[in-house]
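Here is a short report on disulfides and cavities. Please look over the sequence and the model first.

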Amino acid sequence: MELRARRWWLLCAAAALLACARGDPASKSRSCSEVRQIYGAKGFRLSDVPQAEISGEHLRICPQGYTCCTSEMEENLANRSRGELEMALRDSSRALQAMLATQLHSFDDQFQQLLNGSERALQEAFPGAFGELYTQHAQAFRDLYAELRLYYRGANLHLEETLAEFWARLLERLFRQLHPQLLLPDDYLDCLGKQAEALRPFGDAPRELRLRATRAFVAARAFVQGLGVAGDVVRRVAQVPLGPECARAVMKLVYCAHCRGVPGARPCPDYCRNVLKGCLANQADLDAEWRNLLDSMVLITDKFWGPSGAEAVIGSVHLWLAEAISTLQDNKDTLTAKVIQGCGNPRVNPQSPGPEESRRRGRLVLQEKPPTGMLTRLVSEAKVQLRDVQDFWISLPGTLCSEKMAVSAGSDDRCWNGMAKGRYLPEVMGDGLANQINNPEVEVDITKPDMTIRQQIMQLKIMTNRLRGAFSGSDVDFQDASDDGSGSGSGAGCPEDVCGRRVGRKSSSSRTPLTHALPGLSEREGQQTAAASCPRPQASPLLPLLPLVLAAAGPRWR
């Protein structure tokens with residue numbers, strides 16, 4: 001291929017010299033008035049342009065026959081052509097960035113509306129339904145919604161752990177409030193927490209919320225992060241400068257026809273494609289991982305459909321919270337008896353004024369609002385648009401040639417082939433860096449890939465793995481897999497005291513990593529830990545005191 005390309009240029013050069021020797025009219029000195037007008041319209045000094053063609057031995061890029069360009073003109077036009085191509089690249093990138101940003105903002109707005117609507121419904125209904133059981137612990141519910149937002153935003157939170165700790169904290173607080181006449185030290189509440197998975201004080205609500213919220217929030221977070229990473233990759237790649245060999249080739253493509261005295265000759269289509277395939281060889285190497293990312297984003301949208309989809313779940317968090325508290329109220333006496341049997345008889349607080357009479361409130365029944373379908377429609381539109389831009393990187397040379405470079409309608413004897421008006425014979429190169437080894441227009445060193453673009457390829461791979469993990473239900477962290485503490489994701493800049501905080505007596509590092517809801521342990525670990533570390537009272541002294549404790553606690557339950 002390389003030998004064939006060299007023969008092509010030697011033939012072109014020989015033909016030009018032969019035409020000059022024979023006195024071909026095309027080789028004689030011609031007026032440069034048309035070039036003068038074009039050059040002046042671009043803001044350059046007209047005094048730089050000769051009145052008629054001059055000998056071109058001084059040219060460093062364009063063919064060295066008769067020319068309308070001085071050295072200064074060639075340099076100016078080379079800089080201009082490079083700037084015009086870079087501008088065309090930025091324009092194409094900005095259009096893609098704008099599409100991705102619009103998707104991200106629309107999805108984010110709708111997500112926030114759903115979650116905010118759920119929190120508003122809770123704040124409106126819970127005070128009247130649950131009284132002090134809610135009002136004295138409203139901050140715990142606000143914290144839960146805040147942590148759900150932080151998780152969605154990419155904070156370094158484990159969603160199942162966050163939910164499990166919420167239920168554990170809520171149980172401790174409500175149990176303490178329901179028994180103000182009892183002394184409940186920390187070790188007693190620890191035992192309560194370890195018993196919680198077996199006692200199921202909130203019924204099935206914690207498990208249902210864990211399963212559905214994990215599916216919905218993990219998918220939503222991964223999807224919106226995928227949009228963000230895709231947009232960031234496009235932005236960073238658009239800032240990669242063109243190399244000097246590319247700049248020379250683009251000058252030859254766009255303006256050497258002007259210097260040659262034929263400014264009306266448009267570049268041959270295949271000639272343009274070869275130039276831009278060489279210039280954008282590194283960008284084309286993004287194609288495989290770019291497609292993988294978009295395919296994974298399209299795939300994860302399956303998590304947004306149906307009654308268990310993200311839209312239905314995110315707007316209904318308060319329903320599971322209401323069900324949980326109602327279940328606790330309904331089963332309070334049985335729960336108290338089992339806690340005393342498993343953890344011992346707590347001491348009565350002699351300074352307590354005793355339980356206060358409280359009116360029994362009716363069970364709260366909230367009607368689930370049907371989803372509006374807005375989030376589903378947004379995701380459906382995003383799927384179509386993502387599929388449309390899957391070939392963005394490898395189609396870029398052809399797109400720029402047809403839309404920005406004003407190429408000829410066909411490869412015939414009237415288009416500009418880089419040397420003169422005439423047919424362009426070399427074949428079009430393939431896509432990517434490795435395929436440019438024999439590019440006849442741009443000298444490309446295939447052993448030296450652009451490191452910025454290689455880094456972006458790696459970011460695409462990382463995000464694709466996160467999306468695939470999210471599709472399988474994994475609560476994936478948005479930090480780098482190396483876990484070196486540096487973090488490169490959207491959660492990397494979140495302060496530890498906000499994103500990493502845990503409310504409770506124990507620090508998050510001292511808690512067992514959890515995979516189930518209550519009480520922060522797996523089912524087997526919870527049973528083993530409860531059996532190993534929960535205080536074991538003797539049966540005979542405790543059971544006789546059970547009726548006394550229940551009697552003291554009774555008015556508070558009703």
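Which hand does the link of C191 and C343 have? The link is left-handed, with -90° about the S-S bond.

This is a predicted model, where local features need pLDDT of at least 70, side-chain atom pairs count only at pLDDT 80 or more, and totals for chains, interfaces and linings use all residues. Residues are numbered from 1 along each chain as its sequence is written, and side-chain values use heavy atoms, without hydrogens and water.

**Disulfides**

A disulfide is a pair of cysteine sulfur atoms within 2.5 Å. The count comes to 7 disulfides. Three of them, including the pair above, are tabulated here.

| Pair | S-S distance | S-S torsion |
|---|---|---|
| C62 and C256 | 1.9 Å | about -85° |
| C69 and C259 | 1.9 Å | -85° |
| C191 and C343 | 2.1 Å | -90° |

C191 sits in helix α7 (residues 186–199) and C343 in helix α16 (residues 332–343), 152 residues apart. Helices are DSSP runs (H or I, at least four residues), numbered from the N terminus. C191 is buried (under 20% relative accessible area), at 1%. C343 is buried too, at 6%.

C69 lies in the loop between α2 and α3, and C259 in helix α10, 190 residues apart. C69 is buried at 0% relative accessibility.

**Cavities**

A cavity is a set of points on a 1 Å grid over the protein atoms alone where a 1.4 Å probe fits but cannot get out; lining residues have an atom within 4 Å of a point. The structure holds 5 cavities of 30 Å³ or more.

Technical notes:
1 Å grid on protein atoms, 1.4 Å probe; cavity = no way out; pocket = protein on both sides within 12 Å on 5 of 7 lines; lining within 4 Å. Points joined across faces, edges and corners; volume = space filled by probe spheres on them. Helix = DSSP H or I, 4+ residues; strand = E, 2+ residues; numbered from the N terminus. Buried < 20%, exposed > 50% of the residue type's maximum accessible area, 1.4 Å probe, protein only.
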